[in-house]
Amino acid sequence: MFRIIKRFSSQLTKTYQDVVIIGGGPAGLTLLTALKTSPITKNLKCTLIEGTNLDKVRQFNDPPEYYTNRVVSVTPKSIEFMKHIGSWDYIHEDRIKQYDGIIAYDSQDSESRIEFDVSNIGKDMLASMCEVINIQYSLLTKIESLEDDTINIKDNIKVIDIINPVEPDMNHDLNEIDKNTAIPELDWPIVKLSNGESIQTRLLIGADGYNSPVRKFAHIESRGWQYNKFGVVATVKLQFEDFRSVGWQRFLTTGPLAILPLTEDNATIVWSCTPELSDLFLKINEKIFPHLITAAMVLDEVDLNYIYEVLKENPDDFSILKDIEWRLSKFDPLTLEQNYPLPVVEVISNSRARFPLKMSHADTYISSRVALIGDAAHTIHPLAGQGLNMGQSDVSALVEALEKGMQRGMDIGSPLVLENYVSNAWPSNHMLLGVCDKLHKIFSTDFYPIVFARGIGMKSINMIDTVKDFMMKQISGK
Ligand SMILES: Cc1cc2nc3c(=O)[nH]c(=O)nc-3n(C[C@H](O)[C@H](O)[C@H](O)COP(=O)(O)OP(=O)(O)OC[C@H]3O[C@@H](n4cnc5c(N)ncnc54)[C@H](O)[C@@H]3O)c2cc1C
């Protein structure tokens, strides 16, 4: 009798699913949308588990006045994919800014610049700037519009453990409920949630970011390094709307500073820098910081180092504004107007934040009944704006592999099915990770031979249209 009651009560807390996705970031939500809009995979029973409250994403239905500070550059290829799965219909288009070029230049040699103009490759857009929450909102709204009862979203709930039922160990053992309900021959992973529930799943997806619990469960090694750098982000206002519609990137030896356009006079910055400088940039008086950004796009690094020292002494030292103005006044106004971004005049309150930068790549994206996507599989330096886009490509490749497997009547958790995903996605991600890592390293030095060589490289690339066109196609994901 006791056993029957126990078995009955356990059925309330143990469920079986075809796919469990851990992580409701852009990668996890994209996968759920793609699975549920594919005619081949749409009947799979799917659960998505997210540790934070997704109501914040839903509230983006009525977006705030100012841009949020997590803004990414999204390639036309990613946008095409989001149109294909139907989520782009729900994006707040009025908060998207298309841009058609990038002007990148070297702090050690202002003549060393590359100017990418997308019209050279017959396109009208290089990429679009879009808030991460706008992407999440569009995906979640699309999913909820399907009113599909085979979709289960559990937010504000953390995955606290994942157990392999055929090989439980001392630290990851099955409890009484699992033991009573486990089907002995079923090797499906059991996911244990912070609300006491257990879910056993045919296929477990790690869309759970850099520290991925799923990757650890699957014993997949991830290699890479911390750059010992932070990316400081902020939403800013320019002097006026810049009709050039380009992204600007200046390679400082402490890390690149990018100013990327948003609609009207808004822009977003990503300033990669040392931990000490990131501390300083978050502390500097809000009225001084915009002038520092303007200065950092133009002045020599010796001048900048002096300004940093003054502000380290006192982050509210307004006397530095006169100093910056004086140093900038030495430049010809026409040169400033033509060759540099517009001055930054305001930083939106509380929009400054910093993120540690790292490079990592998992040895593989799959193991039996497990697949990794997005930052769980790879993290990349933001200098080329590719991290989220790589996650979109992962999803596209994974869904294609699952569709093929299902059409052949195969088990979607089997390595035979998942192998197609990893063989499509891993090599191109690896190449991109390598290129961005090298770029970061080449530009993070003031060692003269390298500065000289990269100057020649940038000038030559700027003159050779075929090389520039090739690079632009890579940046725009074409
Ligand atoms: C400064 C900066 C600038 C960038 N700029 C660009 C750009 O221009 N273009 C671009 O393409 N990319 C850019 N990126 C990268 C991009 O932001 C990331 O690649 C992308 O957001 C990763 O999405 P994801 O869904 O894979 O992971 P995440 O967004 O990290 O989502 C993982 C989710 O899993 C959840 N989770 C984790 N553990 C658990 C658990 N145990 N239980 C339940 N839930 C859990 C987390 O709460 C989180 O919501 C940038 C990154 C930085 C830092």
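**Exercise 1. Find which residues line the largest cavity, and sort them by class.**

Step 1. The lining is Leu238, Asp242, Val246, Trp248, Ile259, Leu260, Pro261, Ala267, Pro341 and Leu342. Here a cavity is a set of points on a 1 Å grid over the protein atoms alone where a 1.4 Å probe fits but cannot get out, and lining residues have an atom within 4 Å of a point.

Step 2. Now the elements: strand 13 (246–252) and strand 14 (255–261) each give two or more residues, and strand 14 has the largest share, with three. Strands are DSSP runs (E, at least two residues), numbered from the N terminus.

Step 3. By class, that's nine nonpolar, no polar and one charged. Ala, Val, Leu, Ile, Met, Phe, Trp, Tyr, Cys and Pro count as nonpolar, Asp, Glu, Lys and Arg as charged, and the others, Gly among them, as polar.

A quick note on the model: it's predicted, so local features need pLDDT of at least 70, side-chain atom pairs count only at pLDDT 80 or more, and totals for linings use all residues. Residues are numbered from 1 along each chain, and side-chain values use heavy atoms, without hydrogens or water.

**Exercise 2. Work out how strand 7 (127–131) is covered, and which strands pair with it.**

Step 1. Strand 3 (71–74) pairs with strand 7 in the antiparallel sense over four bridges (pairing takes at least two DSSP bridges), with Val71 opposite Glu131.

Step 2. Strand 4 (97–99) is also antiparallel to strand 7, over three bridges, and Gln98 stands opposite Ser128.

Terms used. Buried means under 20% relative accessible area, exposed over 50%, partly exposed in between (1.4 Å probe, protein chains only). On a 1 Å grid over the protein atoms alone, a cavity is a set of points where a 1.4 Å probe fits but cannot get out, and a pocket is an open set with protein on both sides within 12 Å along at least five of seven lines; lining residues have an atom within 4 Å of a point.
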